[in-house]
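Please read it beside the sequence and the coordinates.

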Amino acid sequence: MSEEKNKRKGNKKEDKKKGASKKKEKALLRETEKRNAVMTAFSKYYEAEWGSERWPILLEALKRPVRHCIMINKYAQIDQVKAKLKDTLHDLVMLDFLSIPCYASKTCSRFPPPSKDSHEITDYYILDAGSVLATEALDIQPDDHVLDLCAAPGGKTLSILQRLDKQYGRLTSNEIASDRRRRLRQVIESYLPPDVLADVSTVVGRDGTRYYGEPEQYDKVLLDAPCSSERHLLHDEKEFELWTPKRTQMNAKRQFSLLKAAVHAARVDGLILYGTCSISSLENDKVIEKMIKKGKIPVEPVKMKWPIGERTKYGWIILPDKTDGWGPLYFALLKRTGVSKEDGEDSESSDDNE
Ligand SMILES: C[S@@+](CC[C@H](N)C(=O)[O-])C[C@H]1O[C@@H](n2cnc3c(N)ncnc32)[C@H](O)[C@@H]1O
């Protein structure tokens, strides 16, 4: 009797197991179907942007691992940095299109992680060379007063700090998210000697879209805007499933609000560098076009030419299929040419947020 019972119990267990693995299989199938559907929509959307010839090549390049370089911290003990990198020197190549010392790996190998020198200063920062080039475009002068409106985790903030003079230069780095702001503070503190830190750098946590009414009008404003980050999405299955064309429209809206605030914060004749890591023209040239055509504060695009990347209607874009793996990084430079075309710069009408 009990043997019979055990047998039945065993069968039930077996059925349950089979049921569970079938459920798992079905869920997996649904996931794959969903991902394929998103990939089809994604490819259709970007093929329309980049053309049927270029898109498959660009897509493959975006799927490859992200490329990095090391930006040497000018405040670190250079002899100690050299000693640390001595076994990898043969593999390093200096990026001569950048004015601050940055090195890439010829074989795309991983760099030894950054570490502190004997003065407790971190030796280098690992980032995309396109990010350094974007700050290069802002033409930072040692005595500039600069605002970095969306600053965390801090790669571009650090590359601005490399160019500022302790006595006269100033940088305000803003970041809305408190956890990311904490990380930003840690980064800045670990790369700057305490006296430079105290004189040059301020970190604030405001909503960048509301960055109006500041007493200071900055010489240079960097807006590295939150964006669709398509390359990042392609490397993160869960995030990728959330992609829709609507997302890029929503991002463009937020980017325009941020750009209005960035222009407002710049002094007349000051420069604003707008950047994203998106490949969507809606988040890039279209945001700039809207600012030029509809913004209340007059701005004009500043033409530029760089050794890597390609020109767009208003700016420049670095894409991995044409630059040995760097990017994506879009940037456009605007010059503020006057005061608000209407009374009360601070009052923004609703049509600005279409
Ligand atoms: C593209 S990341 C900036 C990367 C940074 N510039 C760097 O090089 O490391 C955009 C940042 O903007 C922040 N952000 C998003 N909306 C914001 C807002 N309204 N005001 C200020 N920061 C915002 C995000 O939390 C994110 O850290």
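Lys 156 lies in helix α4, and, leaving out residues up to four places away in sequence, it touches Ser 131, Ala 134, Thr 135, Asp 148, Leu 222 and Asp 224.

With 26 other C-beta atoms within 10 Å, Gly 154 is buried, and its contacts, not counting residues up to four places away in sequence, are Leu 184, Val 187 and Ile 188.

## The ligand shell

Which residues are closest to the ligand? Of the 18 residues that surround the ligand, the closest are Cys 150, Lys 156, Ile 176, Gly 208 and Asp 224. Sorted by class, this shell holds seven nonpolar, six polar and five charged residues.

## Helix α3

Helix α3 (residues 129-137) is largely enclosed by the rest of the structure, because seven of its nine residues are buried. These buried residues are Ala 129, Gly 130, Ser 131, Val 132, Leu 133, Ala 134 and Thr 135, and among them Ser 131, Ala 134 and Thr 135 are in contact with Lys 156. After α3 comes Asp 139, which has a positive phi near 50°.

## The annotated active site

The unreviewed UniProt entry lists Cys 277 as "active site", and in the model Cys 277 is found in the loop between β9 (266-276) and α10 (285-294). Is Cys 277 buried or exposed? Cys 277 is buried, since 24 other C-beta atoms lie within 10 Å. Beyond residues up to four places away in sequence, Cys 277 touches Cys 227, Ser 229, Arg 231, Pro 328 and Leu 329.

## Nonpolar core

The largest nonpolar core has 75 residues, of which Leu 223, Ala 262 and Tyr 274 touch the most other members. Helix α9 (residues 245-265) contributes the most to this core, with eight residues. Apart from its neighbours within four places in sequence, Leu 223 is in contact with Leu 149, Cys 150, Leu 258, Leu 259, Ala 262, Ile 272, Leu 273, Tyr 274 and Gly 275; one of these contacts, Cys 150, also belongs to the residues closest to the ligand.

## Overall chain

The protein chain has ten helices and 13 strands, and its C-alpha atoms fill a box of roughly 90 × 55 × 40 Å along the principal axes. Buried residues make up 36% of its 354 residues, and of the contacts between residues at least 6 apart in sequence, 77% join residues at least 24 apart.

Gln 167 lies in the loop between α4 (155-161) and β6 (170-174) and counts as exposed, because it has 9 C-beta neighbours inside 10 Å. The C-alpha atoms of Gln 167 and Lys 13 are 75 Å apart in space, while the two residues are 154 apart in sequence.

## Confidence

The average pLDDT of the protein chain is 93, and 95% of the residues score at least 70. Over residues 343-354, however, pLDDT stays under 50, and the model has ten contacts beyond four places in sequence for that stretch. Where pLDDT is low, the predicted coordinates should not be read in detail.

Terms used: Residues are numbered from 1 along each chain as its sequence is written. This is a predicted model: local features need pLDDT of at least 70, side-chain atom pairs count only at pLDDT 80 or more; totals for chains, interfaces and linings use all residues. UniProt positions are given in the numbering used here, feature names are shortened, and annotations may be inferred rather than shown by experiment. Helices (H or I, at least four residues) and strands (E, at least two) are DSSP runs, numbered from the N terminus. A residue is buried if 20 or more other C-beta atoms lie within 10 Å of its own, exposed if 12 or fewer, and partly exposed in between; C-beta atoms are placed from the backbone. Two residues are in contact if their C-beta atoms, placed from the backbone, lie within 7 Å. A residue is near a molecule or strand if its C-beta atom, placed from the backbone, lies within 6 Å of it. Ala, Val, Leu, Ile, Met, Phe, Trp, Tyr, Cys and Pro count as nonpolar, Asp, Glu, Lys and Arg as charged, and the others, Gly among them, as polar. pLDDT is the predictor's confidence in each residue, from 0 to 100. A nonpolar core is a set of buried Ala, Val, Leu, Ile, Met, Phe, Trp, Tyr and Cys residues joined through C-beta atoms within 7 Å.
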